[in-house]
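Please read each answer with the structure in view.

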4 protein chains.
Amino acid sequence: MSPETMTITRDVQTDIDDRRVAIREVGISDLKTLMTVSGIELDETAEQTVSMTASLGASLREEIKGIHMSRLVEDLLEAEGRLDFRGILNLLLRLRDHQGSDDSVLSFAFDYFLDRQAPVSGRIAKQAYSCRYEARLKDGKELTFVQSVEVPVTTLCPCSKEISSYGAHNQRGYVDVRLEHHFADIGEADVKICLEEVIEQVEASASAPLYPILKRVDERFVTMQAYDEPRFVEDMVRNVSMKLREDVRVDAWQVKVTNHESIHQHNAYAVVRGGSSALRF
Amino acid sequence: MSPETMTITRDVQTDIDDRRVAIREVGISDLKTLMTVSGIELDETAEQTVSMTASLGASLREEIKGIHMSRLVEDLLEAEGRLDFRGILNLLLRLRDHQGSDDSVLSFAFDYFLDRQAPVSGRIAKQAYSCRYEARLKDGKELTFVQSVEVPVTTLCPCSKEISSYGAHNQRGYVDVRLEHHFADIGEADVKICLEEVIEQVEASASAPLYPILKRVDERFVTMQAYDEPRFVEDMVRNVSMKLREDVRVDAWQVKVTNHESIHQHNAYAVVRGGSSALRF
Amino acid sequence: MSPETMTITRDVQTDIDDRRVAIREVGISDLKTLMTVSGIELDETAEQTVSMTASLGASLREEIKGIHMSRLVEDLLEAEGRLDFRGILNLLLRLRDHQGSDDSVLSFAFDYFLDRQAPVSGRIAKQAYSCRYEARLKDGKELTFVQSVEVPVTTLCPCSKEISSYGAHNQRGYVDVRLEHHFADIGEADVKICLEEVIEQVEASASAPLYPILKRVDERFVTMQAYDEPRFVEDMVRNVSMKLREDVRVDAWQVKVTNHESIHQHNAYAVVRGGSSALRF
Amino acid sequence: MSPETMTITRDVQTDIDDRRVAIREVGISDLKTLMTVSGIELDETAEQTVSMTASLGASLREEIKGIHMSRLVEDLLEAEGRLDFRGILNLLLRLRDHQGSDDSVLSFAFDYFLDRQAPVSGRIAKQAYSCRYEARLKDGKELTFVQSVEVPVTTLCPCSKEISSYGAHNQRGYVDVRLEHHFADIGEADVKICLEEVIEQVEASASAPLYPILKRVDERFVTMQAYDEPRFVEDMVRNVSMKLREDVRVDAWQVKVTNHESIHQHNAYAVVRGGSSALRF
């Protein structure tokens, strides 16, 4: 069972494969890791250490039998627990080089926490925002980078308000925004929009934002604010889309809103897409 | 690889175990199965075929190494796809007998669908209720049977209504009711309360029930009904508890309400328990 | 609160919207329903009643404020609890017509149960397969229909077998196959491949299929079968892809395999796509 | 909408309630928060910042209508993002005092990361362990504290190995260990066992531990180690139980093992409990 005995056994992964099927991506998923993220906040110096779920992979040419899975984890370790856009580019290059692949791919999903201040009392506490990074490097040169965030908000139904003598049903809605960036050459790759900016746009588009802490004066404020600003899922996707379609910093985008309707067991949803996505399904 | 060759190999499960650790329960879980359930509705003749997730097990004496897992599935097959209280008793007896165990245990989780009629338009459609059966047979004689259901409802916040000049935040709430029944002798075992009755009690205790289909006249009705009947999670658990504590057909019970607060990312919850549970954690 | 009073209030959804944002799809999701499905099995007469999670929607022109959500549920009710390919087409047409939309879209997710017979003992029991239907009707004429299934299998690692003097790590793998069909004219729409056929192809490509019930003679058989037929995730996607790329009944397809590696907390995965998908992300 | 206008409105929560139903616990759940945890590792100075899901609550006397939800979040904020046993006691006292309740309760669920070293190559990387703290303070004096951890391991089937000429099915198993501690007086409360110690006991009881990174020499090692150390779920719960029942530092405990059987779609599980639990269901 000594390492020596290993040198004589062959490495199955390097065998020739004659099925003539190239693999779009192969790697590891659902890898839990702890990383310090920067680049989410408007304050460029801000960073936060959070739990993440990662996926790392590479394409595989048709003649090669398999990739070296353990190297993917080693490539991640070289990031030394830090994750920013530049680090993602370097990781994509390492994944590709160490596998001898044409393309490399990765994704990271994590909750990032931002302070939220109650509108009247001014009480401050952190709220979690579910974020995702997905990136694909083609031929070690062409990059598609996607940053996404799910923003929970309050939505109050315009129809319910209109047809009722008093009251209006409202609920928690989830606004998932996906921003896609293309770069013909990784050398010029630079992302100029951060997720905190998107989060603020979304919260400003809702009937009311959510808050981790609300005193009675705040609860009165947000209750009336929501009643004054009714939104259908249609209104939510349109309001957020109007901001994104003007944004030259984004190549393609999707806004999906899902309302957990308080009068139904099912949800209401709406989707708008814009720009030209580089990703076919 | 013929069956014959098997007769000579020993059956590991029947080996003597000297660790002197009796096992409370051992078996299979997350078994998906399709069954026809009866006994949920007030109409005793009603039945419904639904997808289920089942768990089946038995206790194991300290001197025996293992149980026979495949027999558990065979025991379930003998139920021939039908599930009612009598069938559960028979299954518990089979599980025990075929393993030579003192105790046997099972659980079934499934969505059961009931018609719900819109309050004004009268439109009818089915709504799903998440149900669970859990049962434990001690020494083949003493039975603990638990039936549970999660009822989704609308709750409108009394505080938000009181402190605001107009409007009130409301949301989807989930009321999980757990009814426990004890029988010193399985022979006398008979359950006289069905989950549909519990569902109706819970929906009557909420700010408003949920409906699969609501026309505009109905939406106006439920919007105003909810505003007229505000409920805290505290009110919900208390209203449901008041009905259960009077109910001689139940030996022990728990009501848990979870509101998906429309003004917060987190939920509000409350729990009340009554009677004397036979189950220690 | 009488229906009469409603006739005077305006219908907010029909208001003019001046934001000039057309909505790709808007509707309801996570609607639980009970339906009788046919068209999954090779036996064309076979059908099964199962619990489903449905999503129904339509596109919305930029000048219209909102759709009529309740009509979506009514459209589903008209299917009278039956779901087959023809019924899906009719539902897509109803969704579109009743909303006055250009496009309509739907999806259904459900577990379908098929008998599986143990290889030696011949014991038979049902196993669940997670299935999905997704369909999009463009301009009431052009159809994209996607049928998917997740098949759980056993995979044994070729590298582990090769480098070890005895044994080899193996685990449960999940093979998700997605078949896409395009029809320029709904009138000619006809799907000639059923998911049971795909399931059989996938199970034949694995180290071994899974079984709901295995006696000791069967367990010996599948243990040795898996050791004799080692598979990387790369082998799995390639084997299934070789069958699909030859299949003229499919316009585009994806095979994704995820192994719940028994030696790691993370999973191994691989993806191959073929044909020309009509769906951009 | 000024704070002033609030002083005149009454505080609904302080109303008298005449339903005569005391509430066991009421509060908030699913609150996401970022905290620095200590007390998990054998190295008492070790700490780690991780994402958590928290629940905070208190009992409510029958005559009081409701609790003050926002104070629960404020109580958590006073912990200043740090979580250890002493901090949990102080938080329980704050929760109780600020609500004027008899009892207080809390729970925290989080992934904690520990280094794991490959057995031959010596490669090191972090692996996540899902941990939970649950605590209940009765009358501000009597404490029940529960610490739990889920440890993923490899289990190889003894039966499969015994009856087969070669190979043996193996899979990922999840060992959930729950340690309960009782203190008649919070003043003497002190927990002397940490979860890292439990994790090491569990990993030593399995066919093999899991590792975040394994080179080929390591994969050979763990493959053969697992084949040399077969374990049923029964063996796993017994091996872990033998250690716990001797441990005077624990008042009550539960071990639950769930094997994701590689030859079945369903799982195998086993449960053993010991000591005297203070918690009825």
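Q: Which residues of α3(A) are buried?
A: This is a predicted model, in which local features need pLDDT of at least 70, side-chain atom pairs count only at pLDDT 80 or more, and totals for chains, interfaces and linings use all residues. Residues are numbered from 1 along each chain as its sequence is written, chains are lettered from A and ligands numbered from 1 in the order in which they are written, and side-chain values use heavy atoms, with hydrogens and water left out. Buried means under 20% relative accessible area, exposed over 50%, and partly exposed in between (1.4 Å probe, protein chains only). In α3(A), the buried residues are A:Phe85, A:Ile88, A:Leu89, A:Leu91, A:Leu92, A:Arg94, A:Leu95 and A:Gln99.

Q: Which residue just after α3(A) takes a positive phi?
A: Just after α3(A), a positive phi of about 65° is taken by A:Gly100.

Q: Why does D:Gln99 count as buried?
A: D:Gln99 lies in helix α3 (residues 85–99) of chain D. Leaving aside neighbours within four places in sequence, D:Gln99 is in contact (heavy atoms within 4.5 Å) with D:Ala58, D:Ile67, D:His68, D:Arg71 and D:Leu72. D:Gln99 counts as buried because its relative accessibility is 10%.

Q: What percentage of the residues of chain A count as buried?
A: Chain A has seven helices and ten strands, and its C-alpha atoms fill a box of roughly 80 × 40 × 35 Å along the principal axes. Among contacts in chain A between residues at least 6 apart in sequence, 67% join residues at least 24 apart. Of the 281 residues of chain A, the share that counts as buried is 65%.

Q: What area do chain D and chain B bury between them?
A: Buried area is the accessible area (1.4 Å probe) that two parts lose on being put together, summed over both. The contact takes 63 residues from chain D and 63 residues from chain B. Carbon and sulfur atoms give 53% of the area that chain D and chain B bury, which is about 5400 Å².

Q: How many salt bridges does the rule find across the interface of chain D and chain B?
A: A salt bridge is a side-chain nitrogen of Lys or Arg within 4 Å of a carboxyl oxygen of Asp or Glu. B:Asp17 forms one with D:Arg238, with the closest N and O atoms 3.6 Å apart. Across this interface of chain D and chain B, the number of salt bridges found is six.

Q: What area is buried between chain B and chain C?
A: The contact takes 35 residues from chain B and 35 residues from chain C. Between chain B and chain C there are six salt bridges, including that of B:Asp111 with C:Lys32, whose closest N and O atoms are 3.1 Å apart. Carbon and sulfur atoms give 63% of the buried area, which is about 3100 Å².

Technical notes:
Helices (H or I, at least four residues) and strands (E, at least two) are DSSP runs, numbered from the N terminus.
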